Structures are given as structure tokens and as C-alpha cells.
Amino acid sequence: MSRIGKKPVAIPAGVKVSVKDGVVTAEGKEKLTLVLPKLVDVEITDTEVVVKQQKETLDSSAMQGLTRALIQNMVTGLSVGFKKELQIIGVGYKAQVQGSKLVLNLGYSHTIEYQIPKGLTIAMGENNTIIITGADKQMVGQAAATIRGYRPPEPYKGKGIRYVDEHVTIKEGKTVG
């Protein structure tokens, strides 16, 4: 039985959660939806959401924990939001936001234009830092991973795009001797 799935999800002020036809909808600043798996049911009161299993099986227990975590992420995203920070390291590497695009100069012969998805906000911070914010945790993480993938940090000088809290181990180069 899922220990995480048994915990109720508290609904903060300013967020409204409803379920209809197997789809959970959370509304706040934005609107997020989640299609329920077939093995779980959702009960909503004024202050909390409870995810229950239809049958006592391992699969339904796993789906209960997953569904509860996804609903918790929806509620947290609408009340607080999610944020990822990327740091660009390298001489001549830079980024700038132009309208609905993020333009990256990463040492290639061309610039890379990343179309900012609807529902996300990308801003530039100090020291070539890209700040990605949004209500959908999966979308924020995917955008950060996509941008990082354009120039991952290389192991000899550490140049590239990395998460702010990421540690890159620098390898020792070849020595002549």
C-alpha cells in the first residue's frame, strides 16, 4: 500500500480543484488538468483531495502514489510555482530573451533560437543565468533540460550550460612527461 498515496493533498486559498469524467482540473492563476488512471478514484472536499485505490493491488497502489504526487504538483505549481536556474559558463557564451524566444550564442557557427512554451516565463539573471518559472513542474523541467542539452558542460574546462546547483567534475588533461 502506498504511504505517499494515503496522505491527503491540502488545497491552499486561491486554488480550486474539481473532478469530472475522470479528469482532475486545478484552477488558480492558470488551469492545469490531469487524466486519472483507471485504478484510482479521487474524493475532493473544501480543504483537501484524497486519492483512493479501486482495488488492493500493487498496480493500483503505485497509481495511487503517482496520482497523489501529480495532484500535489498541480496544487503547488498554482499556489507557489516552480523555478529552475541554468548558468552559462564560457567565453563568448551568452543568452538573451527576444519576445517569445530565447536566443543563445554558444560557440557554434549559428545562434540557437528556443521558442518559449506557453505557460512558462524565461528571464535573464545576473552572471549569465537563465531563470525558468511556471506552474507546470514537468514543463519547467523539460524546458530546462532542453536548453541545457544545446551545450552540456564539458568535463575538461567546464564550459557549457549547467544547472546552478549542479557540480561538474573537471578531468585532468593529458600531461607531457
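Modeller: Helices and strands are DSSP runs, numbered from the N terminus; a helix needs at least four residues and a strand at least two. This is a predicted model, and its protein chain has three helices and 13 strands.

Biologist: How do I read a sheet? In which order do the strands E2, E3 and E4 lie?

Modeller: Two strands pair if DSSP finds at least two bridges between them. Here the three strands form an open sheet in the order E2-E3-E4, with antiparallel pairing. Strand E2 (16-20) and strand E4 (31-35) are the edge strands, since each pairs on one side only. On average, neighbouring strands of this sheet are turned by 20° against each other, direction ignored.

Biologist: How many bridges join E2 and E3?

Modeller: Five bridges join E2 to strand E3 (residues 23-27), in the antiparallel sense. As one example, Ser18 has Thr25 in E3 as its bridge partner.

Biologist: How can I check the span of a helix, and what should helix H2 span?

Modeller: At 1.5 Å a residue, the 22 residues of H2 (residues 58-79) should span 32 Å. The end C-alpha atoms of H2 are 32 Å apart, which agrees.

Biologist: Where does H2 lie relative to the sheet strands?

Modeller: H2 lies across E2, E3 and E4, and runs at about 175° to E4. The buried residues of H2 include Ser60, Gln64, Arg68, Ile71, Met74, Val75 and Leu78. After H2 comes Gly81, whose phi is positive, near 100°.

Biologist: Now a single residue. Is Lys29 buried or exposed?

Modeller: A residue is called exposed when its relative accessible area is over 50%. Lys29 has 65%, so Lys29 is exposed. Lys29 lies in the loop between E3 and E4.

Biologist: Which residues is Lys29 in contact with, leaving aside its neighbours within four places in sequence?

Modeller: With those neighbours left aside, Lys29 is in contact with Leu78, Ser79 and Val80. Leu78 is also one of the buried residues of H2. Lys29 and Val15 are 14 residues apart along the chain, and their C-alpha atoms are separated by 8.2 Å.

Methods:
Residues are numbered from 1 along each chain as its sequence is written. This is a predicted model: local features need pLDDT of at least 70, side-chain atom pairs count only at pLDDT 80 or more; totals for chains, interfaces and linings use all residues. Side-chain values use heavy atoms; hydrogens and water are left out. The expected span of a helix is 1.5 Å times one less than its number of residues. Buried means under 20% relative accessible area, exposed over 50%, partly exposed in between (1.4 Å probe, protein chains only). Axes are lines fitted to C-alpha atoms, for helices over the stretch in contact, and angles run from 0 to 180 degrees between N-to-C directions. Contact means heavy atoms within 4.5 Å.
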